[in-house]
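Here are a few exercises to work through with the model open. Try each one yourself before reading the solution.

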Amino acid sequence: MIVSWDDAYTQSVIDLWNEEAVKDGYKELSPASFEAIFLSNPYFDRSKTFVFVVSDQVQGFACGCTGADLPLGDVAGYITCLVLSSESRSNENYRRMLDALEMSFQNAGKKQADILFFNPMLLPWYIPDTPKHEHNNAPGVPVDSRLYDFLLAEGYTERAKQCAMYLNLTGFTIPQEIRAKEDKAAAQGYKVELFDPERHFGVKEMLNGFNNLLWQKEIGQCVADSVPVVIAAYKDQVIGFAGPVIRQTNGRGYFAGIGVLPEHEGHGLGSILFFKLCEAFQAIETDYMSLYTGSTNPAIRIYEKAGFKTVKQFSVMRREFVQ
């Protein structure tokens, strides 16, 4: 039996998660973290959250969300998770849970289901072969999971693969090659440094130039709140960024993105920005960095040059509903 969410199922779902979802690398849940990730999230919706119950025992949990203010929010419902116990893990039961999610999206007027990094309900996961270093969200479906294979068989299209990358910052140094690029860029009028509101200008115009709503919101807010951001400036006008420079309580260096306006590309600024960001994290005693990027994104070469390794892959997936 599939039922809509009731708070009475909370502990049973936590137990299910800690037995099954952790096998795909997700971080364990506690009552406090379940509350923070799900119940207190402004996008949590009981009508889009389901529990699979067999003989009064919780055997499955599925959660999705919608929001008109989200990217693609006018047409898409987001699948957050779909977990089944080992004894109930069959294609039939996966399909029943998926049908419940998709029907809830269609009832809300959505035309497709998406699994992607815009989902505001963030699921932390552990980076393999580390002392429980963790990343703050999963940007899709783990490609080594049973759910991934099931969704492909159900007609979900893989729109991109996201490479999760990791670097332990112990011993990180900026190589001479990057220092030379920085000197060359400086001779052409460029500087890469922390944003200084007393000298630098043009942050809003730069962010608008990327046409990235998440960057506009997050980096814009960081600058407004005096949170450090590494920027590239041409004669003090901001034309690129990397960051922000935030050490999370778990020791991770938080990373929102990196970008250089197209008209200023070709000077090595992307590489300089990223290496300087790693250096800035080191300066505030950050233990490690993790990030994800598309497998075809040219920036992956910058990350690899800095020593990052791909440690896990996630799939961005979509199915459009038959009208």
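A pocket is an open set of points on a 1 Å grid over the protein atoms alone, where a 1.4 Å probe fits, with protein on both sides within 12 Å along at least five of seven lines; lining residues have an atom within 4 Å of a point. Volume is the space filled by probe spheres set on the points.

This is a predicted model, where local features need pLDDT of at least 70, side-chain atom pairs count only at pLDDT 80 or more, and totals for linings use all residues. Residues are numbered from 1 along each chain, and side-chain values use heavy atoms, without hydrogens or water.

**Exercise 1.** Work out which strand gives the most to the lining of the second largest pocket.

*Solution.* Start with the space: about 420 Å³. Of the 30 lining residues, the closest to the centre include Asp24, Tyr26 and Leu82. Next, look at the DSSP runs (helices, H or I, at least four residues; strands, E, at least two). H1 (10-20), E4 (76-84), E8 (141-142) and H4 (146-153) each supply at least two residues. E4 comes out on top with six.

**Exercise 2.** Find how the axes of H1 and H2 cross.

*Solution.* The H1 and H2 (residues 31-39) axes come within 11 Å and cross at roughly 100°. H1 and H2 are therefore roughly perpendicular (65 to 115 degrees). Touching residues (heavy atoms within 4.5 Å) include Val13 and Ile14 of H1 and Phe34 of H2.

Note on methods
Axes are lines fitted to C-alpha atoms, for helices over the stretch in contact, and angles run from 0 to 180 degrees between N-to-C directions. Angles under 35 degrees count as roughly parallel, over 145 as roughly antiparallel, 65 to 115 as roughly perpendicular and the rest as oblique.
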